[in-house]
Structures are given as structure tokens and as C-alpha cells.
Amino acid sequence: MDWRRVLFIAISAVILLGSFWYLYDFASRSDLRDYIGDEVWYVPASRNVLHRLGVDLHYVNETTNSAGINVIFSNTSVRIKYQYDVEKIALRYNATYEMEYLKFPGVYFEIPVDKVDGFLNALSAEIPADAYYVVPGYRYPDKENIQNYLNTEHPFLGKDIIMLGMLVEDKPINWRLPGIIAFVLIGVLVVLATYRISGSYLAALIALIFTVADPTLEATAVTAMLDIHVALFVALFTTLLVYERKKSSAFAVGLAAAAKLSGVFGYPVLLVKAFKGERKLTGFLLTIAVFPALGFLLPNLIAVKVVGFEKWLDDFLGSFRWHLSNKGGHPAASPVWEWFINRKAFPFHYNPNIFAQTDPFLLLSMVLFILALPWLYRRRGKLLIPYGVFWSTVGFFVLQYLLGGTTQFSFYATVLVPPAAIVMGVALKELLRWEAFTDSLWLYIEWLFEVKDRIRLRLGR
């Protein structure tokens, strides 16, 4: 028995399980049983999509054993006409809670579980069918037109995953559970990729610690948003590339883009690998086009079914204008270069505080490692894969900014954490030697002289 491997697996399992429990316990807090951060957009969009698919969610307030029911009126004038009648019916069936929405025509009730059927039957008997519809589940945030919002400016995989938790029960911890699971899976993938590159348990543990301790990753894991799921599929894409599974990694980069378009920013690394490794045109096209397209399109079929292909395509193409536009003077806006120094953390929630803070040590190390990159490449050539994914992603964020998408936020940096943590684990293990930097300096000098000699030869001709 290899006791080092057993110890490594045991330590990794303890770290991952401990992280899961900590995040789950935090996300379950009584003072977080409401929408936090951009959950106010993604969760209602998920609920609305499920409703349009004919899926009835449910939410039960355990304190009162009452089920959540949203009654949405067809318009404001209908609301004025019938809301009082609906409220009288709710009182008749012992409603334990009522919240009137101010920014859209609706009202939320909590009805004792054993009286829900009676309440719904009374509504259908006493209120015209075209005057309202019912959305069972948790209450909506009070936002304008939120009852119709589908978030089609982003692809759908992230919301598909959020829906899985909502299908169990439509309540905050279930919205967040998929993100917490994604956090753990990212840790597993980072460990696998780091060990594959370095062959070192120490390097893999270093990478895992940087992953689970990352404040951006933690904040997005306990908030039902898209970025933690983008990071998961970027980690999967990177790991599969490290394992030389080019076609699988091509599908994974499509999945990353299907969670959020920034997931495709590491695609140039796949393109380079395909140019070098695919000798047949068929294999090359499968890798660079077919599998990424499948990975992107399949998770979006739910959205296509809800809004129709033409509407989905129009919204998708129109979203590029939205992504490349300035969204106004948001006080927490932070361009990509400010993420490296944690210039502006994005606040998801106050008391308890949940801020998307970046880790300057991790991100600035990616700059520092440029000095030792030739030496690192000679020792661990596959390190260029996560390093390339990191800088390719940074480069596309810079390009987005230059093209007009100047409203960027610190939580966008979530996608950078998995490749950066892999590089950190490998590099720190290797760079515990001064010659890594001195040898790299000489290699850079030799390379510069080679370039200079080639230029002279060409000019001499």
C-alpha cells in the first residue's frame, strides 16, 4: 500500500468535505433566507422557465407549515379589480402570510399545506381564468416585470443547474446547493490536473488550498449565480486538455460557454492544441467546431423550447451588443486589471458580509511566473495549458473592455481561479529553487540574441 497516496487522498477529502460543510452551513443561515446578489435575476428566470414548461415548484415555510403561492394578475387594471377578492379567498383558507408586490401586478401568499388545494380550487371557481395565473414556490423579488424575466442575455446552462436544486424545493439553500457542489468539484478537478502535470502530491495540495481558500470562489459558491458554474466547466475543460482528451475538452469548453460566454475565453488554447495534435481534417474540425458547438447548444435547448429558436437566436445575437456596452456608473465596477489587486470587491450581501474579493497573491503570481516560465516549461511542459487558459481569458476580458464592455465586476474573476490555482500548485513546488529564475533569465537572453541574429540575417539578405 502506498501510504503517501492514502494520506494525500485522506487530506484532500477532509479539506473538500470540510469546505462543503462550511459553505452549506453558511448558505443556510437564517439571515440569508432571501435573495442575495444577482440571485434576484437568475432564480426568478429559472422559476419562470420551469413555469412555462409546466413544472410546478413548491416551497413550504417550516415554521407555519404553509406553502408559498404567487398569484400573478394579467395586468394592473385586472389586479385593481380582483386583488381584494383574491385576498378574501386567501383569508378564508387561513393564509399565514401575504406580501403585495409593488412593481408588478401580483401578490404572494403562504397557505397552510392542507388547504392549498381548496385555495386553488376557490380561485379557479371565483376569479376569471384569464385574469391571473398561479406560480407555486418561493416569493419573487419585487422587481419590475420580474414575473416575465428569462435572462436570455446569458446562455442557459447555469440556470439549468440552478433549476435542479429548485426542483427539490424552491427555497434559498436549494438554489445555492448546486454552486456549493460545483465548488467541491472544482477542487477535485484542480487536484487531478495539478497532479497530472507535476506528479507531486504536495503540488496538488497547494493548488487545492488556493482553490478552497479563494474568496471569489467562496462568495460565488454560496450565491445562486452563473460564475461558479462557468468556473466549474473551465476547470473541466482545462483538466481534460491536461489529460490530452482534446475532443472531450472541446465539448467542455462549449459547456463553459453555455454557462456564460466568458467560459469560451480559453478556447485559443484548444485551437493551438488542435493545430499541433490533429493530423486529419475531420478530427481537427470535430475538435475546433463540432464538439464546442454541441456543448454550447445542447444546454440551451430548454430556452429554445420556451421561447422558440428564432427568438432565442435573436436574443443571443443581440446579447453581444449588451455585453459590449457600458451599463452606467456602477459604484462597484472594476475592470479586469483591478482584479489583480482586489481594487473593488463586489458586495453581494451585508450583515453577513458576502463580497466577491479577489486574491491578489494568486493573480499577481501569474504575472511573476512569466519571469520563470521558460524554466518551468522545460520541467513541466503541460503547465502551459492552465497558464494559457488564464492569460487567454484575461486577454478576452481586456478586449471586451476595449470594445465597449467597460462595466466589469470582480466576481467575473471567478473563472480565473481554477487555472491559476493549478499553475500556483505546480509552480510553487518547482520554484522552491533560485535557479528557476536565474536559468530563466539566461534563457530569455539567449532567446533575444537568437531573435536579434535572425533579424540581422534577414536584413543582410
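## The loop holding Pro352

Pro352 sits in the loop that joins β6 (346–349) to β7 (354–356), where strands (E, at least two residues) and helices (H or I, at least four) are DSSP runs numbered from the N terminus. The peptide bond leading from Asn351 into Pro352 is cis, with omega near 5 degrees. Most peptide bonds are trans, and most residues other than glycine have a negative phi.

This is a predicted model, in which local features need pLDDT of at least 70, side-chain atom pairs count only at pLDDT 80 or more, and totals for chains, interfaces and linings use all residues. Residues are numbered from 1 along each chain as its sequence is written, and side-chain values use heavy atoms, with hydrogens and water left out.

## Two residues with positive phi

Asn151, in the loop between β5 (132–136) and α5 (157–168), has a positive phi near 55 degrees. Its relative accessibility is 2%, so Asn151 counts as buried (buried means under 20% relative accessible area, exposed over 50%, and partly exposed in between, with a 1.4 Å probe and protein chains only).

Glu244, in the loop between α9 (227–242) and α10, also has a positive phi, near 60 degrees, but Glu244 is partly exposed, at 36% relative accessible area.

## Helices α10 and α11

Helix α10 (residues 246–259) packs against helix α11 (residues 267–277) at an angle of about 155 degrees, and their axes are 11 Å apart; the axes are lines fitted to C-alpha atoms over the stretch in contact, with angles from 0 to 180 degrees between N-to-C directions. The two helices are therefore roughly antiparallel, a term for angles over 145 degrees, while those under 35 are roughly parallel, 65 to 115 roughly perpendicular and the rest oblique.
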